[in-house]
Amino acid sequence: MRQRRSAQQRRRALEFETFCAGAAGRLLHAAQLLTAEPPDAAPQAERLLTRALARTYARWDRLRGEDPYEAARQQLISRFAQTAWRYRRTSGGLLDRLSPQERLVLVLRMSEGVAEEQTAAALGLPPERVHQILLRASAAMLSRQTPAPGRPRREVATP
Amino acid sequence: MISITARKEQAVRDLLDGPHPAVPPQLTQLAAARGRRMLRRRTALRSGVWLLLVAALTALTVWAAVSGAWVDHPAQTTPDFDGW
């Protein structure tokens, strides 16, 4: 019994390591876009990812055919959404002018290639709203590429 | 419904696909260790609940056996009544 359990633990650890070797880079990139930290120093993104991966590890035997990458990404975005207030003020990253919700939509739709319906379901929003947020966030991203020098742009809060 | 043009969409995609952060080498080990700890805690909690349940059931059985809860005690509500 004990022997079988330890064999199962070893197998799980091995599978998890293989999964992380392939997926951690992409997940960390997504996390770093979400926390809006610069790519060379993203401690918050690393913490977020470590937590998401730990939870994925704990669920590993109960994934039952579910894609571990999607499970880990779901853990990542739900933790990010729960603690979004922490990431409002971070700066220096690519998306630091966007709100946490805009970052979530932009990353899921454009970087991760998740369909609009799935994004809406993951974030608990109607699909039309996701579409609107994506339009606004994309426009903000593109206008940022041609900034007026020396004048920091503040994002206008929309009601 | 308005939609962003393909060109703009590609521009945003290119922007997002910028430099990737390097994954710290110990991150996987750290996550696995934390995951193992979570699993152990969960297992301990579950076995604690089971233990409590079994203990309660045993206590109930022992108490019932000792006190003879199923024996029908004779009714003693009416006192002897003599001296009419």
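Is Arg64(A) buried or exposed? Arg64(A) is exposed, with 6 other C-beta atoms within 10 Å. (Buried here takes 20 or more other C-beta atoms within 10 Å of a residue's own, exposed takes 12 or fewer, and partly exposed is in between, with C-beta atoms placed from the backbone.) What you have above is a predicted model, where local features need pLDDT of at least 70, side-chain atom pairs count only at pLDDT 80 or more, and totals for chains, interfaces and linings use all residues. Residues are numbered from 1 along each chain as its sequence is written, while chains are lettered from A and ligands numbered from 1 in the order in which they are written.

**Chain A overall**

- Chain A has 6 helices and 0 strands, where helices (H or I, at least four residues) and strands (E, at least two) are DSSP runs numbered from the N terminus.
- Read from the N terminus, the elements of chain A go α-α-α-α-α-α.
- Chain A has 159 residues, and 37% of them count as buried.
- Take the contacts in chain A with a separation of 6 or more: 59% of them join residues 24 or more positions apart. (Two residues are in contact if their C-beta atoms, placed from the backbone, lie within 7 Å.)

**Two domains in chain A**

- Chain A splits into domain 1 (1-95) and domain 2 (97-145); domain bounds come from an automatic or database domain assignment.
- The centres of domain 1 and domain 2 of chain A, taken over C-alpha atoms, are 20 Å apart.
- Where these domains meet, domain 1 of chain A puts in 13 residues and domain 2 of chain A puts in 9 residues.
- On the domain 1 side of that contact, α1 (2-35) and α3 (68-82) of chain A each supply at least two residues, and α3(A) has the largest share, 5 residues.
- By class, the side of domain 1 of chain A that touches domain 2 of chain A has 10 nonpolar, 1 polar and 2 charged residues. (Ala, Val, Leu, Ile, Met, Phe, Trp, Tyr, Cys and Pro count as nonpolar, Asp, Glu, Lys and Arg as charged, and the others, Gly among them, as polar.)

**How α4(A) meets α6(A)**

- Helix α4 (residues 100-111) and helix α6 (residues 127-144) of chain A pack at an angle of about 95 degrees, with their axes 9 Å apart. (Axes are lines fitted to C-alpha atoms, for helices over the stretch in contact, and angles run from 0 to 180 degrees between N-to-C directions.)
- That makes α4(A) and α6(A) roughly perpendicular to each other. (Under 35 degrees counts as roughly parallel, over 145 as roughly antiparallel, 65 to 115 as roughly perpendicular and the rest as oblique.)
- On α4(A), the contact is made by Gln101(A), Glu102(A), Val105(A), Leu106(A) and Arg109(A); on α6(A), by Val130(A), Ile133(A), Leu134(A), Arg136(A) and Ala137(A).
- The residues of this α4(A)-α6(A) contact divide into 6 nonpolar, 1 polar and 3 charged.

**The largest nonpolar core**

- The largest nonpolar core has 42 residues. (Such a core is a set of buried Ala, Val, Leu, Ile, Met, Phe, Trp, Tyr and Cys residues joined through C-beta atoms within 7 Å.)
- Those with the most contacts inside the core are Leu27(A), Ala31(A), Leu49(A), Leu53(A), Leu76(A), Val105(A) and Leu106(A).
- The elements giving two or more residues to this core are α1, α2 (43-58), α3, α4 and α6 of chain A, together with α2 of chain B.
- α1(A) gives the most to this core, with 9 residues.
- Each of domain 1 and domain 2 of chain A puts at least three residues into this core.

**Where chain B comes in**

- The contact between the chains takes 24 residues from chain B and 28 residues from chain A.
- On the chain B side, α1 (6-16) and α2 (27-67) are the elements giving two or more residues, and α2(B) gives the most, with 9 residues.
- That side of chain B divides into 17 nonpolar, 4 polar and 3 charged residues.
- Leaving out residues up to four places away in sequence, Leu53(A) touches Cys20(A), Ala72(A) and Ala31(B).
- Ala54(A) lies in helix α2 of chain A and is buried, with 21 other C-beta atoms within 10 Å.
- With the residues up to four places away again not counted, Ala54(A) touches Ala31(B), Arg34(B), Gly35(B) and Met38(B).

**Two residues with positive phi**

- Ala36(A), in the loop between α1 and α2 of chain A, has a phi near 55 degrees, a positive value in a residue other than glycine.
- Ala36(A) counts as buried, with 23 C-beta neighbours inside 10 Å.
- Arg64(A), in the loop between α2 and α3 of chain A, has a positive phi of about 45 degrees although it is not a glycine.
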